4 protein chains.
Amino acid sequence: MPAPRFPIAHPFDDDKLREECGIFGVIGVQDAASFVALGLHALQHRGQEAGGIVTHDPEQGFNSARRFGYVRDNFTSQSVMETLPGPLGIGHVRYSTAGSKGQTQIRDVQPFFGEFAMGGAAIAHNGNITNANALRRELIERGSIFQSSSDSECIIHLMARSLQRTIPERMEDALRRVEGAFSVVAMTRTKLIGVRDPLGVRPLVLGKVGDGWILSSETCALDIIGAEFIREIEPGEMVVITAEDGVQSHFPFRPQPSKFCIFEHVYFSRPDSILGGRSVYETREAIGRELAKESPVEADLVCPVPDSGTPAAIGFSLESGIPYAMGIIRNQYMGRTFIEPTEQIRNMGVRLKLNVNRALIRGKRVILVDDSVVRGTTSRKIKDMILDAGAKEVHFRIASPPTAWPCFYGVDTPEREKLLAATMSEDEMRTHLGVDSLKFISLNGLYRAVGETNGRDNACPQYCDACFSGEYPVRPSDMIEKGFSLKAAE
Amino acid sequence: MPAPRFPIAHPFDDDKLREECGIFGVIGVQDAASFVALGLHALQHRGQEAGGIVTHDPEQGFNSARRFGYVRDNFTSQSVMETLPGPLGIGHVRYSTAGSKGQTQIRDVQPFFGEFAMGGAAIAHNGNITNANALRRELIERGSIFQSSSDSECIIHLMARSLQRTIPERMEDALRRVEGAFSVVAMTRTKLIGVRDPLGVRPLVLGKVGDGWILSSETCALDIIGAEFIREIEPGEMVVITAEDGVQSHFPFRPQPSKFCIFEHVYFSRPDSILGGRSVYETREAIGRELAKESPVEADLVCPVPDSGTPAAIGFSLESGIPYAMGIIRNQYMGRTFIEPTEQIRNMGVRLKLNVNRALIRGKRVILVDDSVVRGTTSRKIKDMILDAGAKEVHFRIASPPTAWPCFYGVDTPEREKLLAATMSEDEMRTHLGVDSLKFISLNGLYRAVGETNGRDNACPQYCDACFSGEYPVRPSDMIEKGFSLKAAE
Amino acid sequence: MPAPRFPIAHPFDDDKLREECGIFGVIGVQDAASFVALGLHALQHRGQEAGGIVTHDPEQGFNSARRFGYVRDNFTSQSVMETLPGPLGIGHVRYSTAGSKGQTQIRDVQPFFGEFAMGGAAIAHNGNITNANALRRELIERGSIFQSSSDSECIIHLMARSLQRTIPERMEDALRRVEGAFSVVAMTRTKLIGVRDPLGVRPLVLGKVGDGWILSSETCALDIIGAEFIREIEPGEMVVITAEDGVQSHFPFRPQPSKFCIFEHVYFSRPDSILGGRSVYETREAIGRELAKESPVEADLVCPVPDSGTPAAIGFSLESGIPYAMGIIRNQYMGRTFIEPTEQIRNMGVRLKLNVNRALIRGKRVILVDDSVVRGTTSRKIKDMILDAGAKEVHFRIASPPTAWPCFYGVDTPEREKLLAATMSEDEMRTHLGVDSLKFISLNGLYRAVGETNGRDNACPQYCDACFSGEYPVRPSDMIEKGFSLKAAE
Amino acid sequence: MPAPRFPIAHPFDDDKLREECGIFGVIGVQDAASFVALGLHALQHRGQEAGGIVTHDPEQGFNSARRFGYVRDNFTSQSVMETLPGPLGIGHVRYSTAGSKGQTQIRDVQPFFGEFAMGGAAIAHNGNITNANALRRELIERGSIFQSSSDSECIIHLMARSLQRTIPERMEDALRRVEGAFSVVAMTRTKLIGVRDPLGVRPLVLGKVGDGWILSSETCALDIIGAEFIREIEPGEMVVITAEDGVQSHFPFRPQPSKFCIFEHVYFSRPDSILGGRSVYETREAIGRELAKESPVEADLVCPVPDSGTPAAIGFSLESGIPYAMGIIRNQYMGRTFIEPTEQIRNMGVRLKLNVNRALIRGKRVILVDDSVVRGTTSRKIKDMILDAGAKEVHFRIASPPTAWPCFYGVDTPEREKLLAATMSEDEMRTHLGVDSLKFISLNGLYRAVGETNGRDNACPQYCDACFSGEYPVRPSDMIEKGFSLKAAE
């Protein structure tokens, strides 16, 4: 059976940064697989290419299913779910990794499973290991056989070779060798384990449902199953959860100042998730307000670029008093791109997904609010559509600073030279896009909007903002080996 | 190969009225099939169950493809599209008809094709024939063999038996026997034909792209292919279009006062389509403003029930000054319902599709704006979700009058006894839904919002509003035969 | 859903004549659909491209399923079979018709169904209507709409327009207008009907299982369900079977001398079926014996061309005393041809299906027995393989006379000019094939082997042998209209 | 995408022993993948559940494809084959292993691939490792992670941990730790490697095509690609083949008397393959002759149980002078069993596959020749069918001695207590089967027929005949650990 190829390039989304993974785990419930499936469905925005679930049942042992495509299409039918019995399970949704040549194989789909002398373990990983190449070379030298092209497989091989006795101890041992950004959920026959890297770059939260416990990338996956949000797992924390003893917390790593990914606030997380005690929606509305303060302009309408620009556009409208309107309508049946389209259809590009509300826009001065500018290709097309429809002026307002550096911590970014902001000044970008004005929120303004009232601490920034600042909190060793140049120290 | 069953019951949309069809035709272009596919994609909201395309090529004759599922999944690949050559084509998207027992067969999917003595013709129909049962009995008696359970097939059999010489004449002949609401696009080897019933209940518009001509249910399908909107086809008008002579117009039916479906403004049409010279979005914003004037209430937030309540909610916010916010977030990966879900997943119901923005809603007085209340099942669940999230008050504002009567003109409505407004007063509904207040826009208010500044002309209403008023402009003969009781004359 | 393309061209079988259909019907049993499925499975050799089943249940009415592909793959699963309830059903397996341009559509797959004023009827047809074009023109003129490209659809339209009252009467009426060869099974809500044309060209047998009755193309389909073989339906006979009254027989056509297809004995029928009171296997063995008497030759081994030459080869060996051996081995996994093979694989041709038993053949004088020579392409390849393997001599013995004329009575034959025997004498064929000797059984010898001890009655042949003699018992009107020339009267 | 479940239980073949694998490799040709696909197609009888191919191309590195189902359905299309470029490739077809609980996963499908420090290697294995459990425990203890449930994966992990420098040396190192029966084909970037275990239990042959070299389980796979049969790989031999230097031979194991599987002659190998210088067909014919000499009986017909009994039946007929006839006809469309059949269809059992030629059998004394009796279930059903058809006497003649012991060397056998001959004497079996006589060939007779003119050397048998004699040439350690009892020494 040929591998089902899943078209990952959306006509629109290929001009976005993409979170590469969502992870979810549950222990102490009946039919864990259904919980995992629902949780992954809620996390689908973090990875649409493929998904996998592993469960454990005292009688039937470990079982797993890994599939290309959406959770809703793969992990709901009776026939699949009954192959995944038991009260304990973990799951993973993923995009393909930026660096991978060619197509993803099903063997690259997590969770990964390993049989150790003391029993089996499964592991699902969100993030990116920045010294994976070196680790892989060393492990192969010692006789490990890699089955996937995924960097995350290093963790399970390191665990297999650890001298420690228990699986949690082996995981600590393994993760101490790993550099980079990671949130991990793992399971043994009786334990659910969660870990965040010492910087806490990627999110991981703890929830409770009845007598059961949940680990999830975001709180929106707690809501879908009616679970209570308990707290975020802390940077550098490992929690080991059993049905009997509940949650036990360790801090196996050397403490470091935390560096949560600020782009989770801007774009990756779902607006109904809670981050830092506030809904992501509210944060984005606040970004829009801040943007309106920093870069006001006279206009008739504030329109979002759907759907990700919507909360910031509402904030901009509320702050500025300029009416909010849906000037661009999204075709809701455009879930994925067309499959192997004809030439004629391919040329339609962004029109398949978006349409301008012509009758509304005609003759108006329009502010377009978008979350970010990556390559700038989509921004140009949208500007053309708006002008075609008869707008008098077009003003872009962007809810993030210029994206000038690639992310090496689990986000799919184009190479640096393809980032518009890496090669152009703000003014050059305005000319390139052909708009009447173009303004990005300042880095300080963004920090204020996410709740840092004094703005960015340049000596020790409160977040990872490498994609804007080029200041990488973890050295990207593999990439430097491949020729990537860090920002020259100033 | 088993018929691919397409899950038509959305956990949410089954509490909506549903337009049953979208139609599209084009003549005088290269590769008509690509135009039809893109047009149908833009009309997908009018019918998600299945679609079909027929084209004609001077060398290869008529070709057709009919498929279950979305246009984007079926009508884009080179391998399918190259089987549909030629400069002339029509297409159709559909829901299953309310009355059909059991599942749709592929033979029920339009366009229908008939080989006549003077050549072939294909036909696609949006609407409903109210005397179809009687016509079908008569045709079978005379020896016609029906291949589908679709009422629309009557038209092609009537044409086959017509004594007229040309296909357009036979179509006139056939449609004069038909009662009900219909917009039709049809094609012969050289002609594209469009017809609207004398009341003009269902929409049909004319567009132009290069030297080619378009017929479409809505203008949004003109935008996607870069076509110019020329005008609406008039009630009772038949246009016959050839590549050489362009558009020729006839009025074969006895003239009648027009009765366009007012619900197209409220819900069916896409917000970026133009109806009556104004964008549907603006009309819906106006409905929201009118609603705010008619039924104001003190509150902290105006939230739409996504996605159809959004424009009216924006209008309500603009009129009332109460901030607009996305209190309910839609899972964008919930395109269709889960396939044969397990019990546990089925019980999640509406949560799979919607999530409340808990952190935002807590402690607030919330106005929820929705387009309509049909059975009321979804409204109750949404109210529960909002209260669970800690809202202090919940006020429903509905952008249409109470839906108390079924539609027999091409819209899928529950039986009358399942319509909440058929059995309850507005006050009983408020109690039933358990909300702090519930207000519908008045019928007069709705007429004002759609542009009738003097409101409804009760003597001869300007629109078909049977679903609100019970006043049916065409006698629903088949339904009366099956036992449906008209509203008692007052 | 893309039409499932079924590769009909076997690397080997495309050099065979092919029966185009098998038909089966049952009444008075529990779960008729399972009986029909098993019967069609036993008749699969008569049509591999597609199959269909219609059943009737007093509560659930008529139901049908039509699929491309093998019966075993389509009509066995619980999920399909439970959609076909009831005690009465008919079914059909088919090849595509020779003359059809392009690919078969699912709508061409029988049984055909028609709703008449007095109720529905379904019909399945084996054979070919020789005046179908004229009938179709007339019916379209009168307003019938054809849904398929199948000639058999004429029958159901003729029935729809008949002035008779009952369905059996209408069927008589319709079949009197039809010229050609046909065996038909049909059903109403309460009756199973079987008819053979007046010449009895195509087979049809009657069986009994418990209280139920069976109609089938061959007796092998009675064996698979444990049914008893009662008798053959006679030429020109119509049987109407009800659960209550059993079998009632009519002879609605003008009597004519029967002309059963002699090629059914040679190749089409399964060797375990009974024809004329004797197993087809025994008849074929007798053909082989007759061939050994007519055309003896000194040799070391008698080898069949598998699988169809096997019984005649055994007969040849028994008569001649030359040992029988499997010199050519068939790959049993070569059910169908490879799907869209690469160039390299396509060039392998017949090797994919057959391999010579090299160690056995080397240095031997080999007699190869085959059932027929059509184009001669396969015979050449097999001869090459045998010589490559080191055979000293190769002698072909063919169990039928030279095939020099196409069949127009329900068998897929190449056009006349592609038949080797239409353009070459026996001696030219021997030279063309490059074998040491080539002998066909004589027409008289074939008649003797099938039981006519005095051979062929040339004044009024006992069988239809048009493919050998060019004497067509029914005028092929449609083909003559298309330019086919009958054999000049001598 | 749900794992494609392949129905492995044939209604008939589940009463056969089944070879578990076929292997094939080629080097030095254009488009190696097409050669491997054709070779595997010819070896399909050795494994029908799944297949895999790995190729190497200097530019594109290693590529692989593994699929459930037949070779002809998976490895022929342009789209799959073009993903497998290069001049060097190996492949594997497999049944599932008897002992595996539950269903096969795609990760269990060979060839297995490992990336070592000095480069990658792929390996395909026919046979069974009798100390696999112990090896697996040891490897896991050392930190290897197994991805499959296949015993063959041990080999690649042993290779990964070997201290040797080159891949052939590591393979020698690994195979010296392995006990059991194995034929292996493997490949590096530049080498094709073949190995047989010291006893030579499973077959492996060397062929040549143009400048390229082939390794294959049987010679029939050489014929299909037009390759020349060079010689058998010898027991204990390792050949390392490069395009430049051709075949280099080593004997890395301690020499032992060879023990080729005698059942390859009886049933596993294809009749057109060459074993020991003679076609398998001729050997089977000789077995039939020997059987006729040992156990003659008066009768009217000798009939094979199709298809595997055919050559021995021909031999029996030639020796005895009793006419050979096809008394049982096999439905050639019964390639696999029905998919999830209804109860009614399941009960049809063997009738779906076989039908008795009733008209031929009636009143006759019939000798049925079969290759073996395993559980005896099929033999009983066939006897019933023959008697139902009216046979006067039924005599079974079996072309192998009683199968009383399971095979642990790569053949799928029922547990010992399910083997009819393990619990019954020949006479008890005759009564159990209810036939007039039942005779097995003697072990000595079988040895004579395969060419050992003096019969079996009981001191040191020339073949592995453990399934008949219970004398296992390699200790089945894993099975003994699980409780299997060896035959008591006498």
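A search of the whole predicted structure finds 88 salt bridges over all chains. Side chains of opposite charge can pair when their charged atoms come close. One such pair lies in chain C, where Glu481(C) forms a salt bridge with Arg137(C). The closest N and O atoms of Glu481(C) and Arg137(C) are 3.3 Å apart. This pair links distant parts of the chain. Glu481(C) belongs to helix H18 (residues 477-481) of chain C, and Arg137(C) belongs to helix H4 (residues 132-141) of chain C. The two residues are 344 residues apart.

Across the interface of chain A and chain B, the rule finds zero. Polar contacts do occur there: the count between chain A and chain B is 10 residue pairs, both residues being at pLDDT 80 or more. On the side of chain A that touches chain B, the largest share comes from helix H1 (residues 32-42) of chain A, with five residues. By class, that side of chain A has 30 nonpolar, 19 polar and 14 charged residues.

The contact takes 63 residues from chain A and 63 residues from chain B. Together, chain A and chain B bury about 5,300 Å² between them. Of this buried area, 60% is on carbon and sulfur atoms.

The relation between the two chains was then examined. A rotation of 180° superposes chain A on chain B, with 0.1 Å of shift along the rotation axis. The RMSD of this superposition is 0.1 Å. The two copies are thus related as by a two-fold rotation axis. The same surface serves both copies, and 100% of the contact residues of chain A recur in chain B.

Chain C and chain D form an interface of their own. The contact takes 63 residues from chain C and 63 residues from chain D. The area buried between chain C and chain D is about 5,300 Å², with 59% of it on carbon and sulfur atoms. Across the interface of chain C and chain D, the rule finds zero salt bridges. Residue pairs in polar contact between chain C and chain D number 10, again with both residues at pLDDT 80 or more. Helix H1 (residues 32-42) of chain C gives the most to the side of chain C that touches chain D, contributing five residues. The residues on that side of chain C divide into 30 nonpolar, 19 polar and 14 charged.

Within chain A, the domain assignment gives domain 1 (21-256) and domain 2 (278-461). The centres of domain 1 of chain A and domain 2 of chain A, taken over C-alpha atoms, are separated by 34 Å.

Backbone geometry was inspected in chain C. The peptide bond from Gln110(C) to Pro111(C) is cis, with omega near 0°. Pro111(C) is found in the loop between strand S5 (88-94) and strand S6 (112-116) of chain C. The peptide bond from Pro306(C) to Asp307(C) is also cis, with omega near -10°. Asp307(C) is found in the loop between strand S18 (301-304) and helix H10 (310-320) of chain C. Asp31(C) is not a glycine, yet Asp31(C) has a positive phi of about 60°. The loop that holds Asp31(C) runs between strand S2 (21-27) and H1 of chain C.

Note on methods
Residues numbered from 1 in each chain as written. Chains lettered and ligands numbered in written order. Predicted model: local features only at pLDDT ≥ 70, side-chain atom pairs only at ≥ 80, totals over all residues. Heavy atoms only, no water. Domains from an automatic or database assignment. Contact = heavy atoms within 4.5 Å. Buried area = accessible area lost by both parts, 1.4 Å probe. Salt bridge = Lys/Arg side-chain N within 4 Å of Asp/Glu carboxyl O. Polar contact = N/O pair within 3.5 Å; in protein donor to acceptor, adjacent residues only side chain to side chain. Helix = DSSP H or I, 4+ residues; strand = E, 2+ residues; numbered from the N terminus. Nonpolar A, V, L, I, M, F, W, Y, C, P; charged D, E, K, R; others polar. Least-squares fit on C-alpha atoms with pLDDT ≥ 70 in both.
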